[in-house]
Amino acid sequence: MTYVVTENCIRCKYTDCVEACPIDDCFKEGENFLVIDPEECIDCSLCVPECPAGAIYAEDDVPDDQLEYIALNAELAKDWPAINEVKDPLPGAEQWVDVTDKLQFLSR
Ligand code: F3S
């Protein structure tokens with residue numbers, strides 16, 4: 001099993017999850033979204049309560065309307081660089097956190 005970052009992260013990218021993660025190179029960073037590398041995740045769950053956007057789920061608990069994020073995390077983790085340090089959230093994160101259907105805004 002792995003943990004999965006879902007759409008609430010898009011255009012927010014708070015990065016608190018990175019600090020909670022005990023594994024180097026588990027989170028990978030895109031321009032406006034992070035993903036979890038399923039090959040690195042040790043299923044510890046420490047990142048889940050740390051995300052202010054509630055974006056992270058255990059693979060088995062991903063909501064039905066966001067199941068595509070399981071494959072998306074695995075796919076993008078192969079291409080994106082690792083992030084191991086917390087950064088400032090993206091500008092406007094507070095406005096974007098409650099927006100739904102954000103996949104259209106994902107920068108790949
Ligand atoms: Fe994204 Fe939440 Fe991490 S918004 S960057 S999954 S803390």
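The protein chain of this predicted model has 3 helices and 4 strands. Read along the sequence, these elements come in the order β-α-β-β-β-α-α.

The overall dimensions come next. Along the principal axes, the C-alpha atoms of the protein chain fill a box of roughly 30 × 30 × 25 Å. The radius of gyration of the protein chain is 12 Å, which agrees with the value near 13 Å that a compact globule of 108 residues would have. Of those 108 residues, 44% count as buried. Among contacts between residues at least 6 apart in sequence, 77% join residues at least 24 apart.

The ligand takes up the space of the largest cavity. Around the ligand are Val5, Cys9, Lys13, Tyr14, Thr15, Asp16, Cys17, Leu34, Cys51, Pro52, Ala53 and Ile56. By class, this shell has 9 nonpolar, 1 polar and 2 charged residues.

With a relative accessible area of 17%, Val97 counts as buried, because the cut-off is under 20%. Leaving out residues up to four places away in sequence, Val97 touches Asn8, Cys12, Tyr14, Ala53 and Lys102. Among these partners, Tyr14 and Ala53 also belong to the residues around the ligand. Val97 and Glu7 are 90 residues apart in sequence, yet their C-alpha atoms are 9.4 Å apart in space.

How values were computed: Residues numbered from 1 in each chain as written. Predicted model: local features only at pLDDT ≥ 70, side-chain atom pairs only at ≥ 80, totals over all residues. Heavy atoms only, no water. Near = heavy atom within 4 Å. 1 Å grid on protein atoms, 1.4 Å probe; cavity = no way out; pocket = protein on both sides within 12 Å on 5 of 7 lines; lining within 4 Å. Sits in = over half its atoms within 2 Å of the grid points. Nonpolar A, V, L, I, M, F, W, Y, C, P; charged D, E, K, R; others polar. Helix = DSSP H or I, 4+ residues; strand = E, 2+ residues; numbered from the N terminus. Rg over C-alpha atoms; globule rule 2.2 N^0.38 Å. Buried < 20%, exposed > 50% of the residue type's maximum accessible area, 1.4 Å probe, protein only. Contact = heavy atoms within 4.5 Å.
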